[in-house]
Each structure stands twice: as structure tokens, then as C-alpha cells.
Amino acid sequence: MAMTVDLPLEQTGRVTPQAPSARLARYVRPALGLLLPVGLALLWELIVGLGYSNGRLVPPPSRVFATVAELAKSGELSKHIVATLTRVAVGFGLGVVAGTILGAVSGYWALARRLLDPTVQALRAIPSIAWVPLFILWLGIFETSKVALIAVGVFFPVYLGVMGAILSVDRKIVEVGRTFRLSGFAMIRRILLPAVLPAYVVSLRVGLGLGWMFVVAAEFMGASEGLGYLLIDGQQLGKPAQILAAIVIFAILGKTTDWLIEIAAAPFLRWQDAFGKQSGSA
């Protein structure tokens, strides 16, 4: 007489299909971030529509979207977006390269840190606007000065992030690498780089945010195109809808580029067993 034993699904090798609620939660969770801005926009649209405000100084979203559609139809919007994105991309790249190299040298080499870090910290305290007249005098009012200003804004958080991450590496991990007689390159590749990478990604995101902030100051320097130019043009011509449209586009582009950094860094951080991953999957 045959006997049957009911085994759990994990032991039989069969995997239960993902529950529909879990699949739905995967798509709903990212959309939660839209609730606050969309809710506030709808609320303000309702307030203006009911006549509680004329919406002259703070136009409702419908007027802002109409302005965006008008700029897109005329072809001006794409021109301004491409100009701003190009400046941010070039300035971000230069700032990241300089910040990464000097931050790594200062973090890994104590003598370089004593020589470089006091000067870098003093320069970091200078407001961004203070660099504008100097860069105009040195580099003119064209693209070079704008890119240089953005690179300065990106440089400092990347430098601090890399140097601080290297200095905060657990000494016990380094001693393990020395015990196994790892070479200098192997020590960097197998010990320091994985330990520094999470903080480095954060510094890149902070530097990118400052790059978007500095591009506005850069485009105040006699720019004839760019989202910063749209802000100045809207202020001079009394177009609050155009100003808000430029601000909304800045926010969308900034969030999109920040998200791209997260996506690009995710494969290199899969080894992390961090609290954020646990709470995010809950």
C-alpha cells in the first residue's frame, strides 16, 4: 500500500507564483512619491477654479502646463533643455573626476590630506555667487565659465564623500587584507573600493543636486538659452507661469538624473544587507 507524504513547496523544488498583491505593490510603491506633489497641484487648481484666488502670482497647474505645451510647440523648450543638460553633464563629469581623484589621494595618503584638505575646506566655504565675477573675468561669459561654475559645485561633495569614506573604512578589514598579503592594487580593488562605494554613490547624488543648483547661477551669466534663461525671461517680462514651468522642468530633470545614478549603481551594491532594503521590501 503506497504512502504519500505532503512536502512543503520549497522541498519539492516548486516555487509558488508571486501573489498578485505583491506584483501590484511593486508598481504602487514608487507611485506613492507622486501623491504629495500631485495632490498639492490638484488642490491649488481647485482653489483657483472656485475663485478663492485669482492665480495671478501663482498660476494653477493648467496654466503652467499650457505654457509648457506652448514652449514645446514652438521648439524653444527642447533647445533650452538640451543647453542646460549639456552644461550639467559636462560640469558634472569634470567635477566628479577632479573630486574623485583628489578625494582618493587625500583619503589614502596622510601627507596629501594635510597639504590639500585645509585649502579645499577654505574654498568650500566660498558662496557660489562669489565665483561668478571671477570666472567671467578669467573665462568670459560663454560656455567655459558656466561649465567651470557647475564643476566647482559638484567637486566639493564628491571630494568630501570619497575622502570621508576612505577614512571611515574599518581598520579590521584592512588588517585582514594585510594578513592575506594583498598588494596595493588588490587592497584597493577588494577592500577599499567595496567599502567606499555606497558613500561614493551618495556623494555623486549630492554633487548632482548641487550641479543642478549651480547651473541656474551659471545661466545667469549672460546666457541666451537654457532653463535659467527661461527663469530670467519670465521674471523680466512678468510671466509667472513661465517661471513655474522652468522650475517644474528643473525638478523633473533633476529627479530623473538622480534616478539614473541609482539605477546605474544598483548592480554594484547588491551585496549590501542594509536596513533600507529590508524596510523597502516590507
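**Exercise 1. Find the overall build.** How many helices and strands does the protein have?

Solution. The protein has 13 helices and 0 strands. Helices here are DSSP runs of H or I with at least four residues, strands are E runs of at least two, and numbering starts at the N terminus. The model is predicted, so local features need pLDDT of at least 70, side-chain atom pairs count only at pLDDT 80 or more, and totals for chains, interfaces and linings use all residues. Residues are numbered from 1 along each chain as its sequence is written, and side-chain values use heavy atoms, with hydrogens and water left out.

Next, take burial. Of the 282 residues in the protein, 33% are buried (under 20% relative accessible area; exposed is over 50%, partly exposed in between, with a 1.4 Å probe and protein chains only).

Last, take contacts (heavy atoms within 4.5 Å). Among those with a separation of 6 or more, 70% join residues 24 or more positions apart.

**Exercise 2. Describe the nonpolar core.** Which residues have the most contacts inside the largest nonpolar core?

Solution. Start with the term: a nonpolar core is a set of buried Ala, Val, Leu, Ile, Met, Phe, Trp, Tyr and Cys residues joined through side-chain atoms within 4.5 Å. The largest one has 50 residues, and Leu149 and Tyr200 have the most contacts inside it. The elements giving two or more residues include helix H5 (76-108), helix H8 (143-167) and helix H10 (184-219). H10 gives the most, with 15 residues.

Now look around Leu149. Beyond its neighbours within four places in sequence, Leu149 contacts residues including Trp131, Phe135, Phe214 and Met221.

**Exercise 3. Classify a helix pair.** At what angle do the axes of H11 and H12 cross?

Solution. The axes of helix H11 (residues 227-236) and helix H12 (residues 240-265) come within 8 Å and cross at roughly 160°. Axes are lines fitted to C-alpha atoms over the stretch in contact, and angles run from 0 to 180 degrees between N-to-C directions. H11 and H12 are therefore roughly antiparallel (over 145 degrees; under 35 is roughly parallel, 65 to 115 roughly perpendicular, the rest oblique). Residues making the contact include Leu230 and Leu231 of H11, and Ile247 and Phe250 of H12.
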